[in-house]
Amino acid sequence: MTTNQWIQLIVCLGVLVALAIPLGLYIAKVFNGTSFWGEKWLGWLERFFYRLGGINPQEEMDWKTYALAMVLFSFIGGILLYLQMRLQAFLPLNPDHQLAVPRAVSFNTMVSFVTNTNFQFYSGETTLSYLSQMALTVQNFISPAVGIAILMALIRGFVRKESKHLGNFWVDVIRSLVYILLPLSVIFSGILIWQGCPQTFRGSQKVQLVSPLIYNQPVTVQGRNTTQPMTIIHQSIALGPVASQEAIKMLGTNGGGYFNTNSAHPFENPTPLTDLLELLAILIIPVALCFTFGSLVNDMRQGWTVFAAMFILLVPMIYCCIHFEQVGNPLLNRIVTGSTKQNPEGNMVGKEVRFGVTDSSLWASFTTASSNGSVNAMLDSFTPMGGLVPMWLMMLGEVSFGGIGSGLYGMIVFIILTVFIAGLMVGRTPEYLGKKIQAFEMKMTSIVILIPPLLVLMTTAISVICGGQGVLNPGAHGFSEILYAFTSMTNNNGSAFAGLSGTTLYNLMGGIAMWMGRFGIAIPVLAMAGSLVQKKNIPESTGTLPTHTPLFVFILVAIVIIVGALAFIPALALGPIVEQLKMIAMTMH
Amino acid sequence: MMKQFRIQLKISIILAVISIIVFGLIYPGIMTLVGQLIFPYQANGSIIRLHGKKIGSALIGQSFTQPDYFWSRPSATTPFPYNASNSSGSNLGPINPDLIRHVQLRVEVLKKANPNQKGPIPMDLVTSSASGLDPDISPAAAQYQAARIAHVRHLSISAVQQLIQKYTQGRWLGIFGEPRVNVLELNLALNQLSNTKNFKK
Amino acid sequence: MEQGKPRKLFDQQIARKAMVESFRKLTPAHMVRNPVMFTVYIGSLLTTGLGLHALLSHGPTSAGFIFAIALWLWFTVIFSNFAEAMAEGRGKAQADTLRKNRQEVKAHQLERPEKNAKMREILSGDLRKGDWVLVETDELIPADGEAVVGVAMVDESAITGESAPVVRESGGDRSAVTGGTRVISDWLIVRISSNPGESFLDHMISMVEGAKRQKTPNEIALNILLAALTIVFLIVCATLLPFSIYSVTMAGAGHPIAITVLVALFVCLAPTTIGGLLSAIGIAGMDRMIQANVVAMSGRAVEAAGDVDMLLLDKTGTITLGNRQASEFIPAEGVKIQELAEAAQLSSLSDETPEGRSIVVLAKEKYDLRGHEIHELEATFVPFTAQTRMSGVDIGSRKIRKGATDAIESYIQSQGGNFPKDVQQGVEAVARMGGTPLVVADGLRVLGIIHLKDIVKGGIQERFAELRRMGIKTVMITGDNPLTAAAIAAEAGVDDFLAQATPETKLQLIRESQKGGRLVAMAGDGTNDAPALAQADVAVAMNTGTQAAKEAGNMVDLDSNPTKLIEVVKIGKQLLMTRGALTTFSIANDISKYFAIIPAAFAPVYPELSVFNIMHLATPQSAILSAVIFNALIIVFLVPLALKGVQYRPASASKLLWNNFLIYGVGGLIVPFIGIKLIDMILVALRLA
């Protein structure tokens, strides 16, 4: 890595943490049950939701009611979204006259946005009307708010004792929306407009090209494929309410782009400054929630522990990605410079000049470490090892910061697993934050660690048994495309090796994987919270396993890697690893 | 549980509808209003006008393949390059034979167009961008073409190089992003330079 | 039960029986109880079938290789069965010894609980709860019960291993008798308290045999986790087949991964080490309890012992020696210390209580007063009675009395004497220091005070410090007043004390501590302890205690030694630690196995992956075989650890974590690399590769 790359990395991470700590403490204020200063400004909006929804904010819910409300809310939101996409042709705000979105794609997209995944088997600018895009924006707000709510319920499971109640789902969701997501989005979309993201309801703009373009259009003449020269003198520039969607897309670990090429598109991410801000926006709330957690359990050390473990899982991966992308593709290096050694620009295939290798690699790591899934470079064209990094980060189970709420509750499940194994090693029934970890907790933990490998490997296996349709690249890379897609969908990330095209099979199976990947984990987590909240709090003693030491962090990281990701090693060996080895072998002759 | 189901279902439906109104309509609506009032140029796509005619967006690249213009990066949009209503990368994998062939072909074309250049070819000039709409090329890629432009346009190399220098944007704060040259702006400036020169003549 | 030397780890006879047993356990009905090993079992069957198939048709994988894998998979299963059989065998051996005591004996059943009531002979197996039996000298007590009439010496060595006979008498706290023990003097009438098959001995036998062994809560939790990991690896391996077929299609060369290899990979990755040893660890934990002469009524209790974070200990007998000893004479004003010492000695000459004896000894040692011979003195001794609460001696006209302060005070005052103020003050001072004051009077003259002191047991302070390091709070229970209690508590180094304890306050203390999330352990023997024992999480009843106490507790200490609580906690912790250590070891093992098997498994499709053969294993086949062999042998190597339990030294949790993580985590990472390489080298040397 060059000096500039180190500086970019360090400054970016430094600013991220510096901003995340105060935000985390602010979020803790929103949820610690007492009134705070924000209510003076936005309390009216909160009360507006309560009044219209007929919600009694004082009412407490047990875990079953909480889970029921969560599933129903997501389900209803999904149905409305599905109808919008199917009926968009008859609805307003469709200046470019988009037709109804096909059934399978609508289903996949609906699940994708409801589950905070935002995997996209479609190209935004050619498929969706402005109203459909705005309907997606709604889920971009709701799905992270639901994530925060689940996390809060789990935290209450630890904090409260001998109770049945985990809080009120509606209050948690509405407070997340009103006090966290909405204000941040308003500020952020303002900055994005200033930097050049469009925000308009007008249709696409037709401009006259400076230099007319002649290209050979493939045509079929009398059954023969041939080409025919065409002259293009106009460029039609797709526009829309981009900035407002972009802001929440980045902040809410959503990642579903307005345009097909997501944050690589100059309208979504016009400058290095927007790139930096969007990078920070990807991780800021997930990082902040670590400190929220520490604050709410009244032990900041626990928050720092979680942060440290997540950070350790992430940083070496960033280094790895930047390194391999900078070294670049030896096959191309040889053509361009005559030497297989690195060229100054690195692997520029599928990357934008204003971001270069560094910002693209940083983004690829951030977006998959969190469950954001947006891209500012085409991951499909990364070097094999560079492309392994995002895949690996997702395979960890989206716990190195992960999705909003979901990353932290996923990590807490891993902590419970670690506490269980490490706790046994010190000769006590394991406990975490004063709560005993027993058979029921282990049952739920087992479900949570079982679901991702189960879904990823099964769906990938079904795909290859069905012949691996829709693959763009040959050889091991084609396998990587399928593996990546289902890893991304199951773990609710949403990024893609975009060469893969969405067949009906992928759309349907992916939709199921995303739904299970979200609720198959969220519901056991809530059930666990429901069990923890009933337990007594055990006072800490020297016999208690300390969960804030460097050793604990180390064991936690090891468990996440061994239990979370090692299951994918054989599959990775058949994809990116063998491709990298092949690439090296090809440069030999 | 049935009673709870009905209660929560009712709240779900009401909240889903309110959310659509608040986050789907009011939020983007207000932001559009703000954007149109405060940053109308950016909010409408940073459209560049020449003599009142829209000739492109400052943020969206255009295809330049004529020898008298700085060439932009290859684009993988369909059906033709730099199709700004269908952004797309090539998505070719690193050892895909198509990728190798494409790059080889572009290198040959570049070498033929710039016969005097002996140095290594900047990577960005032979690889397609992520969006297919990359408005920029690297300063090295511009320099690579300077001699050709000067030759075709009958300009001095130093004048062309100066122009490149002028349109090179550095890293933000000297740290973030990569140095770059906006091809559309550079070519427009180039036209202007040639025009003034012709006018003087 | 055998005593003295602990049973050797690999008793030849037990090992031989266990070997036979490990084959007998190969039935599906038995195997299915352990989900991890059941999958290995299925894998063994599958590969055996594949081997047979390969013999008939010539596939790409040689039948010899498949059979070699199948053989070692069978070994994996058998080794795991062997571990379980060893643990059970040790228990069975103990049970057999116990069973010898359970021979049917003839009992004399009485109509009424009177010695001369009508009597008939009956077999012990026909006795029912509530029957009365007469047991005379040299007869075995036919069943568990309670002495209702009589006093006798009973030899309980068959149960406790303690050779000294104990007194059993009707009424009070020493009335419980155990079936199978022998009356060696006098006689007892016993009311039978259990039906056949429900006796203490029966319970003990079934516990040590593990016949009624139920999985403990923590074991269940671990089993769930292991099952989940097994499913994960099952899917990993099952999906590798379509993946490799697809890869072959894409690469256009090679052939897909063989099913034998997939099974081998699965068995290596699945947590077979801990899965194979899990039940052995549990049984061995119970066994260790019994070695310590503690019978746990359930495995749950053993496990809970590891979690204890508060110990309630009776002062007398646990923290202090059972008896107080005289430590000082404090004369009243105007009385010479010699005079006091002599009077005290005289008054105690015939006092055979330990306190009395200690007064004589103190006077002799400190003031060189030779013990008088009783008959020389022509003295009349006045024994202690509940009415006077004094004892003493009359020598001629001298009436020397000693007793509790208030007793002497009222004695003096009743005779018109005066109780001196300075003695009153001295009494208070002694009490403040944790001592018991005895006042000595000669006639109407109060001579002074004898300071009786509780003697804290040697080494007890260190043990409490140890417990503190383990994070366990110790609470001393005493009937003393708070002043005395505080002084002794400070001297013994306990964390807290409960003074003037009554059964009610004890119960309340336990309830409150439990409400605060603590797990409480206590020992007790009396009937009045029963409520507290029933409430405590770990309750060790003394074997000498009453039936009520034994029924309320969840463990019985055959040695009736209350300090055993500490041992019990240790064994509980050891049990959990052994499980944790082997789980960690098992999971850490997986990394090396990936390195051994992945390059080998994919060699036919992607030979490039051989760069990951960092152990330089000779051939793909030897690599896979070595990993499978290592995986099987490690179970055998770890059997002693499973049976003995990991070493436990009292330390803080973070220190323990460090140690065990280094040994079993890092060790588990490194050991298989070395082991697999060694096995590979041996296979090559034997030309098996």
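Author: Happy to! Let us begin with a term we shall need soon: a salt bridge is a side-chain nitrogen of Lys or Arg within 4 Å of a carboxyl oxygen of Asp or Glu. What you see is a predicted model, in which local features need pLDDT of at least 70 and side-chain atom pairs count only at pLDDT 80 or more, while totals for chains, interfaces and linings use all residues; side-chain values use heavy atoms, without hydrogens and water. Residues are numbered from 1 along each chain as its sequence is written, with chains lettered from A and ligands numbered from 1 in the order in which they are written.

Chain B and chain C do not touch, and their nearest C-alpha atoms are 13 Å apart.

Let us take chains A and B to start with. Their contact draws on 116 residues of chain A and 99 residues of chain B. Together they bury about 8,800 Å², 69% of it on carbon and sulfur atoms; buried area is the accessible area (1.4 Å probe) that two parts lose on being put together, summed over both. On the chain A side, A:Val210, A:Val336 and A:Val353 lose the most area to chain B, together 8% of what that side buries.

Between chain A and chain B the count is 1 salt bridge, and A:Arg354 and B:Asp134 form a salt bridge with N and O 3.9 Å apart. Side chains of opposite charge can pair when their charged atoms come close. Across this interface there are also 38 residue pairs in polar contact, both residues being at pLDDT 80 or more. (A polar contact is a pair of N or O atoms within 3.5 Å; within protein, one must be able to donate a hydrogen and the other to accept it, and residues adjacent in sequence count only if both atoms are side-chain atoms.) By class, the side of chain A that touches chain B has 66 nonpolar, 37 polar and 13 charged residues. Here Ala, Val, Leu, Ile, Met, Phe, Trp, Tyr, Cys and Pro count as nonpolar, Asp, Glu, Lys and Arg as charged, and the others, Gly among them, as polar.

Now turn to chains A and C. This contact takes 64 residues from chain A and 60 residues from chain C. The two chains bury about 5,200 Å² between them, with 78% of it on carbon and sulfur atoms. A:Leu424, A:Met425 and A:Leu574 supply 14% of the area that chain A buries against chain C, more than any other three residues.

The rule finds 1 salt bridge across this interface as well. C:Glu608 pairs with A:Lys582 in a salt bridge, their closest N and O atoms being 2.7 Å apart. There are 7 residue pairs in polar contact between chain A and chain C.

Which elements of chain A give two or more residues to the side that touches chain C? They are α14 (406-425), α15 (439-465), α16 (476-490), α18 (550-565) and α19 (569-588). Helices (H or I, at least four residues) and strands (E, at least two) are DSSP runs, numbered from the N terminus. Of these elements, α15(A) gives the most, with 14 residues. By class, this side of chain A has 43 nonpolar, 15 polar and 6 charged residues.

α14(A) has 20 residues and reaches 29 Å from its first C-alpha to its last, close to the 28 Å expected at 1.5 Å a residue; the expected span is 1.5 Å times one less than the number of residues. Because 20 of the 20 residues of α14(A) are buried, this helix is largely enclosed by the rest of the structure. Buried means under 20% relative accessible area, exposed over 50%, and partly exposed in between (1.4 Å probe, protein chains only). After α14(A) comes A:Gly427, whose phi is positive, near 80 degrees.

In α16 of chain A you will find A:Ser480, which counts as buried at 1% relative accessibility. Leaving aside neighbours within four places in sequence, A:Ser480 is in contact with A:Met391, A:Phe497, A:Gly575 and A:Pro576.

Methods
Contact = heavy atoms within 4.5 Å.
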